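Please examine the charged and aromatic contacts of the model shown below. The questions that follow take them in turn.

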Amino acid sequence: PSKLKEEILAKYPRKVAKKRSKGMVINDPAQSQEIGANIRTIPGIITQRGCTYAGCKGVVLGPTSDIINLVHGPIGCSFYAWLTRRNQTRPAEGEPNFMTYAFSTDMQDENIVFGGEAKLKDAIREAYDMFKPTSIGIFSTCPVGLIGDDVHAVARDMKAELGINIFGFSCEGYRGVSQSAGHHIANNGIFKHVVGNTERERTGKFQVNLMGEYNIGGDAFEIERIFEECGLTLLSTYSGNSTVESFAYSHTADLNMVMCHRSINYIAEMMEEKYGIPWIKVNFIGADSTAKSLRKIADYFGDEELSAKVEEVIEREQLKVKAVAAAVKPKVEGKLAMMFVGGSRAHHYQDLFTELGVRVVSAGYEFAHRDDYEGREVIPNIKIDADTRNIEDLVVSKDEENFRDDLVAKKAELEAKGYEFKEYKGMMPDMQKNSLVIDDVNHWETEKLIEFYKPDLFCAGIKEKYVVQKYGVPLKQLHSYDYGGPYAAFGGAINFYKEMERMLATDIWKLVDAPWKNEPEIVGSVTVDA
Ligand code: CFM
Ligand code: HCA
């Protein structure tokens with residue numbers, strides 16, 4: 001891989017090469033290696049990243065069904081964030097589902113020139129009159145910040161006028177270097193305007209929140225099934241198959257479980273500060289990881305009946321999982337895969353491949369931070385640059401009335417026994433020696449990676465899919481799952497194994513001839529009128 005890295009960098013101008021070099025690490029899990037992450041993409045490079053608005057509106061708030069998510073901006077921003085992520089939902093009987101609508105102020109030239117606040121107010125009134133929602137979120141797209149519309153003032157006015165919860169997000173696309181800034185802005189907004197708004201009587205002995213699970217392809221449905229069978233009460237999920245109504249009482253949980261660390265660690269941290277609720281890292285991608293996470297939850301509660309139930313579920317489910325794995329593994333073992341996804345999935349999905357004996361030769365995130373690569377212990381050493389300083393860091397104080405001293409004591413007791421809280425070791429320690437870790441991989445690098453490794457499978461998203469396939473390499477979308485899923489928990493693992501069998505135990509891709517193989521250049525001419 002050092003030769004490959006050299007070859008990739010050789011093509012860049014000197015300054016670009018220097019920057020990109022920091023984003024590529026030849027992994028050695030025995031060492032602590034630093035990677036450049038969460039830094040601006042160099043203009044001219046074809047990145048796979050998205051924008052801050054996508055991270056706020058599309059990712060974090062997108063999957064909630066009972067809020068009207070109103071986009072203040074040109075219609076395209078709304079249209080392209082409208083369920084393209086395959087975030088599914090199953091609203092409770094009689095409850096609304098606004099996710100199937102695309103709400104937008106549809107800004108025009110006139111609004112850009114004279115301001116769009118009046119149009120935004122009208123849109124809120126119209127949405128309220130038609131749907132009578134209990135909350136409305138306003139999402140700012142790029143022009144809003146450029147012309148200076150104050151969505152927060154509009155939200156305050158309209159909240160007073162209509163008497164429902166209305167709040168705005170300054171999540172303009174350019175606010176940060178990627179979607180990641182949008183996650184942070186969304187976390188702040190939900191924490192400020194929703195969490196703790198309502199109380200709820202206990203409905204179970206073991207009340208938990210699942211954070212950073214977005215129900216892509218039905219993943220949450222499968223996780224919910226397992227929780228229910230184990231006897232865990234899931235109060236709220238941030239934000240797959242969930243409602244802002246459940247965020248409002250989620251502070252009454254006994255434990256927060258963080259799945260996608262990148263997108264939601266902020267709320268987990270803030271809830272611990274304000275309410276004393278501890279958080280643990282979990283992962284429900286991969287059958288063994290699911291079993292491990294369930295056992296960790298059971299250990300937290302330390303209840304014999306719960307532990308017995310968890311063991312029973314694991315045993316029963318793993319029997320089915322292992323049977324499928326045993327049938328598929330011999331057909332796919334030893335194949336090479338690489339994966340480049342936004343944040344946590346590039347790490348989590350490696351567990352599923354390990355279970356099948358598929359080797360991950362290269363992986364990376366589009367927009368995760370150093371802690372997602374190297375582990376949370378590097379957080380104090382991360383340089384705060386101007387782009388990060390641009391995103392508000394909420395100052396949170398203790399809620400004397402609702403603070404859970406009992407949970408703080410429980411945490412201390414468990415920690416003394418070696419139980420780990422707020423811990424995430426990141427992707428690099430889990431990857432093989434000499435695998436190539438690349439942050440914010442770009443199109444040129446993708447092509448070089450394929451030529452060098454000749455992988456059997458490339459995992460990424462829709463922007464990469466067809467180019468990679470023209471190379472004769474199958475591509476599995478780990479964002480939308482193509483048309484498949486769920487892939488989470490035990491049932492999901494079985495689905496994924498079968499999908500890998502379909503994609504890997506075949507020679508059909510080798511028959512693909514890339515159009516540029518024989519005629520590598522597109523030839524054209526430019527004519528200039530005299
Ligand atoms: Fe977390 Fe996600 Fe991901 Fe993400 Fe995303 Fe996504 Fe993703 Mo696409 S929240 S970081 S911003 S696991 S939308 S469900 S698939 S890039 S790896
Ligand atoms: C986003 C959403 C996305 C895009 C996926 C892709 C998703 O980043 O705005 O590029 O295929 O998962 O839908 O990550």
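A salt bridge is a side-chain nitrogen of Lys or Arg within 4 Å of a carboxyl oxygen of Asp or Glu. The model is predicted, so local features need pLDDT of at least 70 and side-chain atom pairs count only at pLDDT 80 or more, while totals for chains, interfaces and linings use all residues. Residues are numbered from 1 along each chain as its sequence is written, chains are lettered from A and ligands numbered from 1 in the order in which they are written, and side-chain values use heavy atoms, with hydrogens and water left out.

Q: What is the N to O distance at which the side chains of Asp 507 and Lys 510 meet in a salt bridge?
A: Side chains of opposite charge can pair when their charged atoms come close. Both Asp 507 and Lys 510 are exposed, where exposed means over 50% relative accessible area, buried under 20% and partly exposed in between (1.4 Å probe, protein chains only). Their N to O distance in the salt bridge is 3.6 Å.

Q: How far apart are the closest N and O atoms of Glu 311 and Arg 295?
A: Glu 311 counts as partly exposed at 35% relative accessibility, and Arg 295 is partly exposed with a relative accessible area of 35%. The two form a salt bridge, with their closest N and O atoms apart by 2.8 Å.

Q: Why is the pair of Phe 98 and Phe 131 edge-to-face?
A: Rings of Phe, Tyr and Trp (its six-membered ring) pair if their centres lie within 6.5 Å; planes under 30 degrees apart count as stacked, over 60 as edge-to-face and the rest as tilted. Phe 98 is buried, with a relative accessible area of 7%, whereas Phe 131 is partly exposed at 21%. The ring centres of Phe 98 and Phe 131 are 5.6 Å apart, and the pair is edge-to-face because the planes stand at 75°.

Q: How many aromatic pairs does the structure hold?
A: Phe 206, Tyr 300, Phe 301, Tyr 419 and Phe 421 form one aromatic cluster. For the structure, the number of aromatic pairs is 23.
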